[in-house]
Amino acid sequence: MTALDDWVTTACAELGLDPTEVDVPVVLDLARDVAHHVIRPGAPVTAYLLGLAVGRGADPARAAARLSALALEQAPAER
């Protein structure tokens, strides 16, 4: 187990979540896309927004893919 795996397991236990339902690579990829193509502080905010959407019933992988695509569409001139 990595330190990240340990953290996810600990955080999930605190929040009453199942760590096997957390797709860490999907969240990290989304955060990378937002940080590199939109704005760095947008990465954690977008991860939070993804969590809200998933909590309201959105499919995690589909919602993350939509947000990543949106981030990748951002032109540097829009920053």
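Q: Let's start with serine 68: which helix does it lie in?
A: A helix here is a DSSP run of H or I, at least four residues long, numbered from the N terminus. Serine 68 lies in α4, which covers residues 60-73. Keep in mind that this is a predicted model, where local features need pLDDT of at least 70, side-chain atom pairs count only at pLDDT 80 or more, and totals for chains, interfaces and linings use all residues. Residues are numbered from 1 along each chain as its sequence is written, and side-chain values use heavy atoms, with hydrogens and water left out.

Q: Is serine 68 buried or exposed?
A: Buried means under 20% relative accessible area, exposed means over 50%, and partly exposed is in between (1.4 Å probe, protein chains only). Serine 68 comes out at 11%, so it counts as buried.

Q: What does serine 68 touch?
A: Contact means heavy atoms within 4.5 Å. Skipping residues up to four places away in sequence, serine 68 touches Asp29, Leu30 and Asp33.

Q: Where do arginine 32 and aspartate 29 lie?
A: Both are in helix α2, three residues apart, or about one turn of the helix. Arginine 32 is partly exposed at 40%, and aspartate 29 is also partly exposed, at 36%. Aspartate 33, at 8%, is buried.

Q: Which residues make up the largest nonpolar core?
A: In soluble globular proteins, nonpolar side chains tend to be buried together. A nonpolar core is a set of buried Ala, Val, Leu, Ile, Met, Phe, Trp, Tyr and Cys residues joined through side-chain atoms within 4.5 Å. Here the largest one has six: Leu30, Val34, Leu50, Ala63, Ala64 and Ala71. Helices α2 and α4 each give two or more residues to this core, and the largest share, three, comes from α4. Zoom in on alanine 64: leaving aside neighbours within four places in sequence, it contacts Val26, Leu30 and Leu50.

Q: For contrast, is glutamate 14 buried or exposed?
A: Glutamate 14 sits in helix α1 and counts as exposed, at 67%. From glutamate 14 to glycine 51 is 37 residues in sequence and 16 Å in space, C-alpha to C-alpha.
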